[in-house]
Amino acid sequence: MVKGENTSTMDRRRSQGFQLPRVTDGQSTPVHNSMDGRNDPMHVYESVDMPTVEECRIRATQSQHGDGAEKVHHSHHHRTKHEREQFEDRLRTGQVTQKDIETLHGYLTLEKKEKNVLGDLDTADIEIDVTGRKTGGQPRRVSGMQTLLRTTGHDRKPHEAFVELEELTKNGEQMEWKETARWIKFEENVDQDSNRWGKPHVASLTFHSLLELKKGLEKGTVLLDLQRFDLQSIAQAVVENMVMTDQLKQEDSSKVLTALLLQHRHQHQQQQQQQSAGIMRRLSSKKRRKIVVSSDNIGYNGESEGIGNGGLKTDGSKDMKKDPHGMEAALDEQESDIKSRIPEGAEATNVLVGTLDDLEDSVLAFVRLSKGCNLGQVSEVSIPVRFLFVMLGPSKYKESYHQVGRSIATLMSDQAFHDVAYRAESREDLLTAINEFLEDTVVLPPGNWDRNVLLPILIAQSRAIALRRKMAKAASSSHSEGDTALLRTGIFFGGLFQDIKRRGKFYLSDFSDGFNLHSLFASLFLYFTLFATNIAFGGLLEDKTEGWLGLTEVIVSASACSIILGLFAGQPMMIIGATGPILVFEQSIYDFCKTYDVEFLTWRCWIGFWVMIILFGVVALEGCFLIKYFTRFTEDIFELLISAIFIYEPIALLIKLYKKNPLTRGELKTSSGGSDGKLEGEPNTALLSTILVLGTFFVAFYMRKFRTSHFFGKRSRRLVSDSSVVVAMVLMAVIDFALGDKVITPHVSINNPLTDGFRPTHKDREWFINPGGMNRSMSMGWIFAAIIPAIFVGILLFMETEMTGVLLSKKEHKLQKGPGYNLDLVVVGMLSFGCSLMGLPWMCADTVRSASHVNALSIWSTSHAPGEKPHIIEVKEQRITNILIHVLSGLSILLAPGLHLIPIPVFFGVLLYLGVCSMYGLQMMDRFIMLFMPSKHHPDVGYVRKVRTSKIHIFTVIQTLSLAFLVAVKLTPLAPSFPFFIMCLIPLRKLLTKFYTEEELEELDNSESEEEDSDFEL
């Protein structure tokens, strides 16, 4: 019995006195035919391999619609459409003749030799005997799934996905496919009320729709690697398979085919189509065509020309105005702006769902083409279409079709299922992938749930999936280059040689990669931020050392050292400059020298010499690996110490100004003791200084937060945020300048090189410092005594340089050229001695400014899915920006007349801003705040879930006491020795292993952020 025929049809044929050879799974069984009332047992049909109706239609279709491949011309290839239709009618009605069977048998044998789409039918191994029995060969099961022309030439490599959901809707008197949703990673729905795209969101599916989809794929049409490359032939193949698998009645096939070939209208075309409604335009014959569709074929009243045999009638010359029920597909050439978000090489999946009232049951088809092909305006953007999903049925299940369409679209946007869909060999592979998807699915019971109640469930599920991916990735990954760069070679200066070898091969590219507009704009942008910071430290250092080290020296030192570092460093992305801990050292050493009557700059010269020797020794012994022992426990304390220094200095300045300029006016004093002399105390000075400090802080702080606001575009927000320090300083300087001489405020002092010549800040010193002594000789005792502060300075430079290198080498920065820990330390050591000889401040690596440098040179994704966080594609690793920034900074000394206008309190406001901002993101600060919170309000992070609250608080208290001790040391004459106490934190951290398990310390002292463990974002 031919599939698709019912019992009544077969009974009718038997009553007419003849029988068709029974076709079962591609075989024919001989039967006796009754002719003229006589039974002739000797009269039998010769038994042959009977092809399925599906195979006959495929071959007939291929003979009429070529797929672009070279055709082999035979006589049976020239069968006319009328003859093909007659043969199909005879095949369906059972009136096939012996001649037809023999012709088809020879036809299939010939096609087997040509290795065409029916190559799976192995007719060479089949023998036919006169009794009608078939020997040899394997029976082939007829089902709704086909893998056509299964060869290795097909592209099975998964591409990025763009999924579009379209629903069959009525537009006026005509039907069309209207876009209602799309997926790249997240779902976007068309808001029907406002007629615009809604916000991207994670798709939430009903469990019933997933089950219905699974049932549909079990029984529906599944065509894998279909070799059809135009919409009409694809639709015909789908409809024919639906008929063969008893999904669709033959009389309904033309209606389904007509529906599949209707016009597609996308959301970005909506506005233009509304404006041009009712206006008929002439279309180019190359890119546009007129499509006439009979509306009564899909269940709507109207008279039109019929569509024979399920075909689509096209007429490019007939005037559409003559047909009042016709439809013209006025397709706009302009594409949607979503194309810029679609990754290069992506392929589209089109999901078509809708209702046809003439259908009794729903029909479903999943199609994977053998290669991506452009189907015109089927997709919203002009990218190859690889997958098609069709589901049509009666209108009583309309909402179910919509949900099933969302389900398959969400599956195709899921990376795991998407990869399986490309590589699937059978229907079972797709069903298995759905089962795996269901295993990772969370089903929520119905109810009016609060968002805050659901968040922990969603976060836990997201982290569980992310943890499995992370473990799988860790099992197959090896150590990063940043880790291997810290390994010891066992050779004297072995690490240095490895760094030179590693970075040497990129030296020329470090320059060539910097000649681009992105690097130029980053240089100009960072120049203002770094220069403002150097000015702030210069003004502060001048105040602490009474002019022996001042603004001029800071500008010269930062420029010269950074240019040399950019030329020879192992990690040229590192930014060095004046930092808070170095400032503490400079002040402490100056106070010590002033107390013991030692020449400050001369003794600094010997300290710098011993620092260079110490750092060379560390490199020679490959001591850079010690940085691995500086865990988050130590890093957080050190970072908070720097923040505390930055916050303390502005407060100390204001206290000093209030003491010198009290709010109550004192007595007038004159040099002769009279009562009409110059006033020393100015109460408005302290008030205005307070306004300038806090004003600089608040302007810079809130402009920085502008980056995460919803105003303007992304680039504009970033521009405003990154220029916050410069704008705050200029604004406060303008306020001070507007007041003129009405209020006296302290200003920076810097020599004007254009009028006074290029001279140091202090008039009693020169640019070169004599190591033997400036005014008196330096004794040998003081020379060797300089080793003690040199050890502390060396420890500080080692920590800052290596910690910055480790920070930049983290995988999220995606640096490709590798670090140079040992080479960086050698360059920093040489610069320390060079600065000492010239009487310049020591420059130290700065983690915050270095991270800003990398971020400014990062190329962020522009094709990420709507709703997805942008990610770094690459970083422009080069030496040009570091050099250019500090060349501009050095030339800025010519701006000395303008720098005189900036009040010193403005620089201290910058320090306050840096101190507060550097505390953000530190885990120690988060845990310190948790000390004063009920446990139910603690954040849902790893260490809260896996470590008892009491142990978390004890760990935090230990860190807080350590920080308080270091701050106390900083305020005493022991301040230069605070790096030694920082080193003592390493054994303290080791001691904690006796009271905490390894798992607990891993959570509390883990260097990876919580975001790295999950892709969930609130």
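**Close-up 1. An aromatic cluster in the predicted model.** Trp 606, Phe 609, Trp 610, Phe 784 and Phe 833 form one aromatic cluster. Rings of Phe, Tyr and Trp (its six-membered ring) are paired if their centres lie within 6.5 Å; planes under 30 degrees apart count as stacked, over 60 as edge-to-face and the rest as tilted. The structure holds 28 aromatic pairs.

**Close-up 2. The pair of Phe 592 and Trp 782.** The ring centres of Phe 592 and Trp 782 are 6.2 Å apart and the planes stand at 75°, so this pair is edge-to-face. Distant parts of the chain are linked by the pair, 190 residues apart: Phe 592 belongs to helix 18 (residues 580–596) and Trp 782 to helix 24 (residues 780–785). Helices are DSSP runs (H or I, at least four residues), numbered from the N terminus. Phe 592 counts as partly exposed at 31% relative accessibility, and Trp 782 counts as partly exposed at 27%. Buried means under 20% relative accessible area, exposed over 50%, and partly exposed in between (1.4 Å probe, protein chains only).

**Close-up 3. The pair of Phe 706 and Phe 712.** This aromatic pair is tilted, with 5.9 Å centre to centre and 40° between the planes. Phe 706 is buried at 18% relative accessibility, whereas Phe 712 is exposed at 64%.

**Close-up 4. Charges over rings.** Arg 182 lies over the face of Trp 197, 3.9 Å from the ring centre. Lys 951 lies over the face of Tyr 996, at 5.3 Å from the ring centre. A charge sits over a ring if NZ of Lys or CZ of Arg is within 6 Å of the ring centre and within 35 degrees of the ring normal.

**Notes.** Residues are numbered from 1 along each chain as its sequence is written, and side-chain values use heavy atoms, leaving out hydrogens and water. In this predicted model, local features need pLDDT of at least 70 and side-chain atom pairs count only at pLDDT 80 or more, while totals for chains, interfaces and linings use all residues.

Conventions
Helices (H or I, at least four residues) and strands (E, at least two) are DSSP runs, numbered from the N terminus.
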